Amino acid sequence: MSDKATLEYNGNKYDFPVIKGTEDELAIDIKSLRTETGMITIDPGYKNTGSCESAITFLDGEKGILRYRGYSIEELAEKADFLEVAYLLIFGELPNETQLSKFHSDIKAQSLVDEDMRKIVDAFPKSAHPMGVIASLTSALTAFNPSSVNVTSEEDMYKAIVKILGKFPVLVAWTFRKKNGLPLDYGDKNLGYVENILKMMFKQPNEEYKTNPIVLNALDKLLILHADHEQNCSTSTVRIAGSSHVGLFASLSTGISALWGPLHGGANQAVLEMLEGINADGGDSKKYMAKAKDKDDPFRLMGFGHRVYKNFDPRAKIIKKAADEVLGDLGIKDPILEIAQILEKEALLDQYFVDRKLYPNVDFYSGIIYRALGIPTDMFTVMFALGRLPGWIAQWREMRLNGEPIGRPRQVYMGETSRPFVPVEKR
Ligand code: CMC
């Protein structure tokens, strides 16, 4: 294998180093391209562009492999809990019991949110989309925690990390409760991290809260499956915003906004709305398959396709099984699930989907579980954000510790060339 790639242009040859990742992925290092050749590369959507070297998550879209810090997603989903996975992603190793217990205590110690934040929560109309609310609240945390804005040491970083891991679930729960007219709750320090999230969301003021182990297990698994996915849209947004050395909370707020879109994390809400729409329209899956394939129709089969998975999404396999189990265990018969199963079967056999390697992604089944757990549709993407939080944090921390330069892509200008100004009366 050659350790350089040669570019030939206008009779000149330029050599660029080829770097190899630990999983044998190859990349041409073009850092000196513009200095040497005067040219840049162009790659809309960054389909072929590596923005960084990272040791957090490995995925192979062709083989359907996803690993966090070397551990397979299948094994983590089965054997680990969400807090362990969060620690693994952020700090690189699975925690021992002492490390895990200290991590959890540090998070719990930071789980109070300034009471004045309630006024901000109260100011949002009930109709506000929870993703917009949670992005704003995360940004507002910066104002209430100024010491977390300019992090210069690993110790500062750690403090900011446990703060956001403590406060974010409270804000999620408050957003949910406000929308449902319930009094705001701080949860219970004696509960596990995920169990406490459930309690903060669902505790009714007039009854004792009892954890349903099926619900707890399903949510824990969902959060693990969503915890990181290397340089996706929201993570790249967090890294690029953080590269200007804005603080952690502000960087996360940009990631939450990026996640909201229906082509990214918003797909879980879009999938369920699509399935409900098909159901309300008589359940004719073939009609919607035809719409998805019609290039004159903007309709897309939500929950299908992925920028990197071109074989199958390993998370979708685990979630599909979990959805079957949760619905079975909770005794729920859901017509929406039946439509999802028919659509999946039809799409997997359809030449259009086969040719374009379009498979169900993580969001195709996650909404069905969230629905079974009693989480309203417009909270689905917030639940995704809750899961993705450790991934964003890990990527932000890595970017800062690696001393990455400010993110600043270039462009090829295609606009007007220089022209004289024309006064308004002469235009
Ligand atoms: N339904 C119908 N056709 C599709 C779909 C779909 N869901 N996805 C892709 N295609 C077609 C697309 O029209 C194009 O066809 P052609 O080559 O004839 O022009 C071809 O497949 C390639 O699509 P693309 O848009 O160029 O692929 P991409 O890598 O830019 O986009 C995607 C990936 C996930 C945005 C896209 O597949 C999509 O819009 N899927 C539906 C939304 C969705 O489920 N998003 C969740 C992604 S997983 C969770 C996450 O990352 O947050």
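Select phenylalanine 91 first: at 25% relative accessibility, this residue counts as partly exposed. Buried means under 20% relative accessible area, exposed over 50%, and partly exposed in between, with a 1.4 Å probe and protein chains only. The model is predicted: local features need pLDDT of at least 70, side-chain atom pairs count only at pLDDT 80 or more, and totals for chains, interfaces and linings use all residues. Residues are numbered from 1 along each chain as its sequence is written, and side-chain values use heavy atoms, with hydrogens and water left out.

**Aromatic pairs**

The whole structure holds 13 aromatic pairs. Phenylalanine 91 and phenylalanine 103 make an edge-to-face one, 5.8 Å centre to centre with 85° between the planes. Phenylalanine 91 belongs to helix H3 (residues 82–91) and phenylalanine 103 to helix H4 (residues 97–109), so the pair ties together parts 12 residues apart in sequence. Rings of Phe, Tyr and Trp (its six-membered ring) pair if their centres lie within 6.5 Å; planes under 30 degrees apart are stacked, over 60 edge-to-face, the rest tilted. Helices (H or I, at least four residues) and strands (E, at least two) are DSSP runs, numbered from the N terminus.

Next, select Phe304, Tyr352, Phe353, Phe364 and Tyr365: one aromatic cluster. Keep tyrosine 352 and show arginine 356, which lies over the ring's face, 3.8 Å from its centre. Then go to phenylalanine 312, where lysine 317 lies over the face at 4.2 Å from the ring centre. For such a charge, NZ of Lys or CZ of Arg is within 6 Å of the ring centre and within 35 degrees of the ring normal.

**The hairpin**

Move to strand S4 (residues 57–60). Thr57 and Leu59 point one way, Phe58 and Asp60 the other, and all are buried. In a regular strand the side chains alternate between the two faces of the sheet. Pairing needs at least two DSSP bridges. Leucine 59 stands opposite leucine 66. The hairpin has 4 residues between its strands, and glycine 64 in the turn has a positive phi of about 70°.

**The ligand**

Which residues come nearest to the ligand? Of the 23 around it, they are His264, Arg300, Leu301, Gly303 and Arg307. Show leucine 301: a backbone N or O atom lies 2.7 Å from a ligand nitrogen atom. A polar side-chain atom of asparagine 361 is 2.9 Å from a ligand oxygen atom. The protein covers 78% of the 930 Å² of accessible area that the ligand has on its own.

How values were computed:
Near = heavy atom within 4 Å. Polar contact = N/O pair within 3.5 Å; in protein donor to acceptor, adjacent residues only side chain to side chain. Areas by Shrake-Rupley, 256 points an atom, 1.4 Å probe, with all protein chains shown as cover.
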